[in-house]
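Q: I am new to this structure and would like to learn how to read its features one at a time. Could you take me through them with care?

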Amino acid sequence: MLCLGIDPGIGRVGFGFVEERGSTLSSVNYGCIDTDSHLMVQDRLSLIYEELKNRVKTIRPDVLAMERLFFGQNLTTAENVWQARGVILLVAAQEGLPVVELTPSEVKMAVCGYGKASKSQVQEMVRCILSLESVPKPDDTADALAVAIAGISIFKVQRLAEGKC
């Protein structure tokens with residue numbers, strides 16, 4: 001199984017493709033899609049769409065996992081991130097990818113075994129689980145890989161519950 005994990009944003013979208021073979025997880029590809037803050041929002045969204053679509057068409061994941069987001073006071077940031085999420089969900093729909101949405105605590109629980117793990121604990125576990133030499137940078141990339149790791153587990157549980165495995 002190959003899962004594309006996404007850490008959504010408007011300025012930076014972290015992505016990570018994680019493959020499960022037997023009991024081994026490995027990273028296939030990861031990085032960030034960066035958009036220039038001087039561009040208009042629609043141009044930034046278009047860039048995210050095109051870059052992500054190209055990666056999905058090239059690597060062909062089985063499932064897309066994305067963290068559910070919760071925002072406090074900054075509505076402008078929330079609006080932009082929700083728009084980016086919409087573009088990401090559009091790519092998933094167009095490519096026929098099932099989508100798994102996870103809460104931050106579900107990601108932490110799946111990766112660290114503790115739903116209140118710190119960011120550095122999650123990043124170190126991503127490094128260990130995927131046998132990487134160092135923690136992927138920037139943080140958005142490591143976060144996307146963590147989402148992909150968690151997404152594989154949650155997707156398998158969902159399929160079992162639906163009687164599809």
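Q: Before we look at anything else, in which strand does Glu-67 lie?

A: Please keep in mind throughout that this is a predicted model. Glu-67 belongs to strand β4, which covers residues 63-67.

Q: How should I read the sheet, and what is the order of its strands?

A: A sheet can be read by going from strand to strand across it. Here five strands make an open sheet with mixed pairing, in the order β3-β2-β1-β4-β5. Because β3 (24-34) and β5 (99-102) each have a single partner strand, they stand at the edges, and one side of each is left without a neighbour in the sheet. From one strand to the next, the twist averages 20°.

Q: How many bridges join β2 to β3?

A: Strand β2 (residues 12-21) and β3 run antiparallel and are joined by 10 bridges. Within this pairing, Arg-12 stands opposite Asp-34 of β3.

Q: Which strands does helix α1 lie across?

A: Helix α1, made of residues 41-59, lies across β1 (2-7), β2 and β3, and its direction is at about 155° to that of β3.

Q: Which residues does the UniProt annotation "active site" cover?

A: An annotation of this kind comes from a record, and it may be inferred rather than shown by experiment. In an unreviewed entry, UniProt gives Asp-7, Glu-67 and Asp-140 under "active site". These residues are spread over 134 residues of sequence, yet they cluster in space, with a largest C-alpha distance of 11.7 Å. Of this set, Asp-7 and Glu-67 are taken into the lining of the largest pocket. The unreviewed entry also lists Glu-67 for "binding site".

Q: Is Glu-67 buried or exposed, and what is it in contact with beyond its neighbours in sequence?

A: A residue counts as buried when its relative accessible area is under 20%. Glu-67 has 18% relative accessibility, and therefore counts as buried. If neighbours within four places in sequence are left aside, Glu-67 is in contact with Ile-6, Pro-8, Arg-85, Leu-102, Thr-103, Pro-104, Val-107 and Val-147.

Q: In which helix is Asp-140 found, and why does Asp-140 count as buried?

A: Asp-140 is part of helix α5, which covers residues 139-161. Asp-140 counts as buried because its relative accessibility is 18%. Again leaving aside neighbours within four places in sequence, Asp-140 is in contact with Asp-7, Arg-12, Gly-14 and Cys-32, and Asp-7 is also among the residues under the "active site" annotation.

Definitions and conventions
Residues are numbered from 1 along each chain as its sequence is written. This is a predicted model: local features need pLDDT of at least 70, side-chain atom pairs count only at pLDDT 80 or more; totals for chains, interfaces and linings use all residues. Side-chain values use heavy atoms; hydrogens and water are left out. Helices (H or I, at least four residues) and strands (E, at least two) are DSSP runs, numbered from the N terminus. Buried means under 20% relative accessible area, exposed over 50%, partly exposed in between (1.4 Å probe, protein chains only). Contact means heavy atoms within 4.5 Å. On a 1 Å grid over the protein atoms alone, a cavity is a set of points where a 1.4 Å probe fits but cannot get out, and a pocket is an open set with protein on both sides within 12 Å along at least five of seven lines; lining residues have an atom within 4 Å of a point. Two strands pair if DSSP finds at least two bridges between them. Axes are lines fitted to C-alpha atoms, for helices over the stretch in contact, and angles run from 0 to 180 degrees between N-to-C directions.
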